[in-house]
Amino acid sequence: MTTTTTPSTHRATVAIGDEQTARRVADLLTENFFEGGAAISAFEGPQGRWDITVHFADAPDQGAVRDLVGLAAGEEIGQAIQFDTVEAKDWVATALEGLVPVHAGRFVVHGRHDRARVAPNRLRIEIEAALAFGTGHHGTTRGCLLLLDMVLKGASPRRVLDLGTGTGVLAIAAARALRRKVLASDIDPSSTRVAAENARLNGMGGLVETIKASGFSAPAFTRRGPFDLVLANILANPLRRMATPMVRHLAPGALVILSGLLPAQAAAVIADYRARGLILRRHIQLEGWSSLLMGKVG
Ligand code: SAM
């Protein structure tokens with residue numbers, strides 16, 4: 001396994017209580033530290049109490065973190081956060097030890113420590129994440145995996161793109177299920193490195209090609225397209241901005257899975273893609289996040 005060792009990292013820990021609140025806090029933190037600046041884990045302790053640990057790459061603004069957590073869980077919990085610095089160690093692996101496998105349709109996303117426990121008839125994705133988004137625990141990743149599972153029951157897309165790949169979780173899932181090449185891109189070079197490592201770890205190194213690119217700004221998209229399936233778990237505004245280039249890179253009848261948007265933002269995203277010839281096929285909401293399946297007519 002590849003490990004990520006840092007000289008020191010900044011940690012915040014807090015006891016939350018119930019699972020729903022812990023997930024709300026984790027979602028809000030993830031939303032605000034989206035670009036790979038933190039690894040956030042919510043986990044259930046032996047007494048059934050949910051705790052949250054966040055490892056920040058850089059020293060965080062403690063007041064801002066307290067305010068955010070306070071918004072989701074109440075001021076008292078925000079004020080109870082403990083901040084400290086963790087000495088050199090593989091803290092990512094430590095953070096992942098607390099994570100339980102995530103099931104989404106036929107897919108299971110799990111850490112190395114759960115490798116032996118995954119049923120052999122599942123499509124497994126082992127994630128030893130570093131500072132990249134996508135352990136499968138977030139509602140947006142699970143939403144994408146569920147929609148991917150649905151899509152693959154009725155279609156076998158040939159050219160697949162995972163835009164905003166993070167840990168590579170969706171690209172690996174698609175490559176494993178389809179046994180076909182998948183292009184995985186991210187604006188963040190550390191994410192593409194992590195995604196490539198995770199693809200290798202999952203035996204998908206030969207199928208997942210990773211590239212660093214913002215949106216569709218690389219020749220590889222034209223070379224590897226037009227795509228029959230695009231997975232894009234980013235955020236509402238970038239998804240809206242890239243509607244035109246995305247549609248330009250789609251094959252007739254292509255399917256697109258869009259996530260990273262709040263339910264209140266879904267109508268605007270749907271309208272942008274509908275105006276470019278796509279129709280909404282499915283809209284699922286998980287843990288306060290919307291994931292859309294849209295299809296190009298023709
Ligand atoms: N695909 C993974 C998943 O579903 O768990 C990660 C999704 S994470 C929410 C969004 C990812 O998109 C991040 O890794 C971020 O660096 C990347 N990203 C954000 N804006 C982007 C852009 N304009 N072009 C490409 N990648 C982008």
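Is Arg 179 buried or exposed in this predicted model? Arg 179 is exposed, since its relative accessible area of 56% is over the 50% cut-off.

**View 1. Arg 179 sits in a loop with a positive phi.** The loop in question runs between α6 (169–178) and β9 (182–186). Phi of Arg 179 is near 60 degrees, a positive value although the residue isn't a glycine. For context, most residues other than glycine have a negative phi.

**View 2. The whole protein, before zooming back in.** Eleven helices and 14 strands make up the secondary structure. Of the 298 residues, 54% count as buried. Among contacts with a separation of 6 or more, 68% come from residues 24 or more positions apart. The protein exposes about 13000 Å², with carbon and sulfur atoms supplying 50% of that area.

View 3. The ligand has 21 residues around it, and the closest are Thr 141, Gly 164, Asp 186, Gly 215 and Asn 233. Sort the shell by type and you get nine nonpolar, nine polar and three charged residues. Asp 186 puts a polar side-chain atom 2.6 Å from a ligand oxygen. In Asn 233, an N or O atom of the side chain is 2.8 Å from an oxygen atom of the ligand. Ile 187 uses its backbone instead: one of its backbone N or O atoms lies 3.2 Å from a ligand nitrogen. On its own the ligand has 600 Å² of accessible area, and the protein covers 95% of it.

View 4. At the start of α1, look for Asp 18: one of its side-chain oxygens comes to within 3.3 Å of the backbone nitrogen of Gln 20. Which residues of α1 are buried? They are Thr 21, Ala 22, Val 25, Ala 26, Asp 27, Leu 29 and Thr 30.

**View 5. Ser 291 in strand β14.** The strand spans residues 289–296. Ser 291 is buried because its relative accessible area is 1%, under the 20% cut-off. Its side chain makes a polar contact of 2.8 Å with the side chain of Ser 259. Leaving out residues up to four places away in sequence, Ser 291 touches a list of residues that includes Gly 139, Thr 140, Cys 144, Leu 147, Leu 258 and His 283.

**View 6. Arg 281 in strand β13.** Here the strand is residues 278–286. Arg 281 is partly exposed because its relative accessible area, 47%, falls between the 20% and 50% cut-offs. Where does the chain come back to this residue? Setting aside neighbours within four places in sequence, Arg 281 is in contact with Leu 255, Leu 293, Met 294 and Gly 295.

**View 7. A cis peptide bond at Pro 226.** The bond joins Gly 225 and Pro 226, and omega is about -5 degrees. Pro 226 lies in the loop between α8 (219–224) and β11 (227–233). By way of background, most peptide bonds are trans.

Technical notes: Residues are numbered from 1 along each chain as its sequence is written. This is a predicted model: local features need pLDDT of at least 70, side-chain atom pairs count only at pLDDT 80 or more; totals for chains, interfaces and linings use all residues. Side-chain values use heavy atoms; hydrogens and water are left out. Helices (H or I, at least four residues) and strands (E, at least two) are DSSP runs, numbered from the N terminus. Buried means under 20% relative accessible area, exposed over 50%, partly exposed in between (1.4 Å probe, protein chains only). Contact means heavy atoms within 4.5 Å. A polar contact is a pair of N or O atoms within 3.5 Å; within protein, one must be able to donate a hydrogen and the other to accept it, and residues adjacent in sequence count only if both atoms are side-chain atoms. A residue is near a molecule or strand if one of its heavy atoms lies within 4 Å of it. Accessible areas come from the Shrake-Rupley method with a 1.4 Å probe; for residues, only the protein chains shown count as cover. Ala, Val, Leu, Ile, Met, Phe, Trp, Tyr, Cys and Pro count as nonpolar, Asp, Glu, Lys and Arg as charged, and the others, Gly among them, as polar.
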